[in-house]
Amino acid sequence: MSKARILVTRRWPEEVEAVLAERFEATFNRDDRPMDQSALAAALARYDAVLPTVSDRLPAAVFERPKLTAKIIGNYGVGYNHIDVAAASRTGIVVTNTPGVLTDCTADLAMTLLLAVARRAGEGERQVRAGAWSGWCPTHMIGTKVTGKTLGIIGFGRIGKAMAKRCHFGFDMDVVFYNRSRVEPAEAMRYGARQLDSIEEVLAAADFVSLHCPGGGANSNLIDAARLSAMKPSAFLINTARGDVVDQPGLIAALSNGHIAGAGLDVYAAEPQVPDALRAMENVVLLPHLGSATAETRRAMGMKVVENVTAFFDGREPPDRVA
Ligand code: 8YV
């Protein structure tokens, strides 16, 4: 039987690429730059599988060619709001993602941002590197204590739970969360967390608000200007989810007007563009979408895609098919 023809749109860990090359007739985009929509549309009409990342956008328009050869899109990542799954399904293409394997590293990065913005670590590092530190001083770069504060989580899936666990058990924080569906109180308590009925209640209670819901659809602009102003003026917003969950101009306004104290961001509305206004702010820690960026996690993500695509072409149900 001939091997399935697959396209890998970006560079993946070498050991994962080696497995792909062995199992499939694999083409690797050595260019390692995001593929544009016409190239992706052409790929869907040429390969049996396309393995994209968050940097490749697959809206409905890329599925419009009359004869598509692709049968599966194996996304390298858990979030898939860059893919129009409904349009893919209409053409009979299965979409899979990589849940579970990037939970810890993404929660670790949310924690990094939370600590860094509260303790002004970015500002401090910039000052030392600039040779501008004039020595210890009692009033120098005073930050906000983290231990014992209240964390508000929006979205209590795997990553939200991992964040709750870190903050409650590691930092004695009171953790409250909002989730679209009801979570059994006993289940929530396993993570040291308590469910509240509305986003507004979480925002009003929290000293730190951490976003862990998917992007796109109904979650686009979920944290809008009104919700930003429902946060405490002393509170910080942490976003490792998706940039579109927050109204970015509204966030810039809230930070400039002192409606919130600061933000730690790993994701942006139109990546890789980061507005100059954000880059100019000292009370903001900015990272370049590093949530899953560890050697261990990227390898595990790649192997999850291998597992899904292998199952599919072996005629089995891929374990991580998205609805
Ligand atoms: C990944 C992410 O690195 O998995 C996700 O949803 O946001 C990232 O951590 C990215 O998606 C790679 O495609």
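Q: In which sense do strand 7 and strand 8 pair, parallel or antiparallel, and over how many bridges?
A: In this predicted model, strand 7 (residues 174-178) pairs with strand 8 in the parallel sense, over three bridges.

Q: Which residue stands opposite Val176 there?
A: Opposite Val176 stands Arg194, a residue of strand 8.

Q: What is the strand order of the sheet they belong to?
A: The order is 8-7-6-9-10-11-12, an open sheet of seven strands with parallel pairing.

Q: And which strands are at the edges?
A: Strand 8 (193-195) and strand 12 (284-286) are the edge strands, each of them pairing on one side only. On average, neighbouring strands of this sheet are turned by 20 degrees against each other, direction ignored.

Q: What holds strands of a sheet together, in general?
A: Strands in a sheet pair through hydrogen bonds of the backbone, in either a parallel or an antiparallel manner.

Q: Now the sheet with five strands: what is its order?
A: That open sheet has its strands in the order 2-1-3-4-5, and the pairing is parallel.

Q: Why is one side of strand 2 and of strand 5 left without a neighbour in the sheet?
A: Strand 2 (25-28) and strand 5 (94-96) stand at the edges and each has a single partner strand, so one side of each has no neighbour in the sheet. Neighbouring strands here are turned by 15 degrees against each other on average, with direction ignored.

Q: How many bridges join strand 1 to strand 2?
A: Four bridges join strand 2 to strand 1 (residues 5-8), and the two strands run parallel. Val8 has Phe28 of strand 2 as its bridge partner.

Q: Switching to helices, at what angle do helix 1 and helix 12 cross?
A: Helix 1 (residues 14-23) and helix 12 (residues 295-313) cross at roughly 15 degrees, and their axes come within 9 Å. The crossing angle therefore makes helix 1 roughly parallel to helix 12. The crossing is left-handed.

Q: Which residues make that contact?
A: Helix 1 contributes Glu15, Val16, Val19, Leu20 and Arg23, while helix 12 contributes Arg299, Gly302, Met303, Val306 and Thr310. Sorted by class, this contact of helix 1 with helix 12 holds five nonpolar, two polar and three charged residues.

Q: How do helix 4 and helix 6 pack, and at what angle?
A: The axes of helix 4 (residues 103-118) and helix 6 (residues 158-171) are 9 Å apart, and the helices pack at an angle of about 55 degrees. Helix 4 is therefore oblique to helix 6. Helix 4 passes helix 6 in a right-handed crossing.

Q: What residues are in that contact, and of which classes?
A: From helix 4 come Thr103, Asp104, Thr106, Ala107, Ala110 and Met111, and from helix 6 come Arg158, Ile159, Ala162, Met163 and Arg166. The contact of helix 4 with helix 6 divides into six nonpolar, two polar and three charged residues.

Q: Turning to backbone geometry, where is the cis peptide bond?
A: The cis peptide bond joins Glu271 and Pro272, with omega about 5 degrees. Pro272 has its place in the loop between strand 11 (262-265) and helix 11 (276-279).

Q: What is the phi of Asp32, and where is that residue found?
A: Asp32 has a phi near 55 degrees, which is positive in a residue other than glycine. Asp32 lies in the loop between strand 2 and helix 2 (37-44).

Q: Finally, which residues are around the ligand?
A: Around the ligand are Thr53, Val54, Tyr76, Gly77, Val78, Gly79, Leu102, Gly291 and Ser292.

Q: How many of the shell residues are nonpolar, polar or charged?
A: The shell around the ligand has four nonpolar residues, five polar residues and no charged residues.

Technical notes: Residues numbered from 1 in each chain as written. Predicted model: local features only at pLDDT ≥ 70, side-chain atom pairs only at ≥ 80, totals over all residues. Near = placed C-beta within 6 Å. Nonpolar A, V, L, I, M, F, W, Y, C, P; charged D, E, K, R; others polar. Axes fitted to C-alpha atoms, helices over the stretch in contact; angles between N-to-C directions. Parallel < 35°, antiparallel > 145°, perpendicular 65-115°, else oblique. Left-handed = near helix turned anticlockwise from the far one by under 90°. Contact = placed C-beta atoms within 7 Å. Pairing = 2+ DSSP bridges.
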